[in-house]
Amino acid sequence: MSKESLGLLIRKLRKEKGFSYRGLATEMKKKAIKLGMDESNAVSYVNIVHLENGRIETKRDVLVLLAKTLDYNEDALLAEGDKLGSDVEEIINNKSDVVP
């Protein structure tokens, strides 16, 4: 997948939930606090704009928090962003001799 397709998906999900850019940024921070996640993963509204426009890539933890905030499947959003889930990454790291 590409940064552009990830951005389009994030935009679609944000609009379906009725969030403005600032609203989504605020909800991400609330969700991070509620779930005990690192608040630094709650990106600014400017970063959300850049993500949606395919200008930047982001780390896995930001995508996980976005998925949780937007009530979207984490694995699907990670796949769209060409990121591995932590469980898959752990298997690859621990069993690298059996992974092609």
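With a relative accessibility of 2%, Glu52 counts as buried in this structure, which is a predicted model. Glu52 belongs to helix H3, the stretch formed by residues 45-52. Leaving out residues up to four places away in sequence, Glu52 touches Gly7, Leu8, Ile10, Arg11, Arg14 and Tyr21. Two of these residues, Arg11 and Arg14, also meet Glu52 through polar contacts between side chains, and the table gives the distances.

| Side chain | Partner side chain | Polar contact distance |
|---|---|---|
| Glu52 | Arg11 | 3.2 Å |
| Glu52 | Arg14 | 2.6 Å |

Leu24 lies in helix H2, residues 21-35, and its relative accessibility of 0% places it among the buried residues. Although Leu24 and Thr69 are 45 residues apart along the chain, their C-alpha atoms are separated by 7.9 Å.

How do the axes of H2 and H4 cross? The axis of H2 and that of helix H4, residues 60-69, come within 9 Å and cross at roughly 100 degrees; because angles of 65 to 115 degrees count as roughly perpendicular, the two helices H2 and H4 are described as roughly perpendicular to each other. On the H2 side the contact is made by Leu24, Glu27, Met28, Lys31, Ala32 and Leu35, while H4 contributes Val62, Leu65, Leu66, Lys68 and Thr69. Sorted by class, this contact of H2 with H4 holds seven nonpolar residues, one polar residue and three charged residues.

Key:
Residues are numbered from 1 along each chain as its sequence is written. This is a predicted model: local features need pLDDT of at least 70, side-chain atom pairs count only at pLDDT 80 or more; totals for chains, interfaces and linings use all residues. Side-chain values use heavy atoms; hydrogens and water are left out. Helices (H or I, at least four residues) and strands (E, at least two) are DSSP runs, numbered from the N terminus. Buried means under 20% relative accessible area, exposed over 50%, partly exposed in between (1.4 Å probe, protein chains only). A polar contact is a pair of N or O atoms within 3.5 Å; within protein, one must be able to donate a hydrogen and the other to accept it, and residues adjacent in sequence count only if both atoms are side-chain atoms. Contact means heavy atoms within 4.5 Å. Axes are lines fitted to C-alpha atoms, for helices over the stretch in contact, and angles run from 0 to 180 degrees between N-to-C directions. Angles under 35 degrees count as roughly parallel, over 145 as roughly antiparallel, 65 to 115 as roughly perpendicular and the rest as oblique. Ala, Val, Leu, Ile, Met, Phe, Trp, Tyr, Cys and Pro count as nonpolar, Asp, Glu, Lys and Arg as charged, and the others, Gly among them, as polar.
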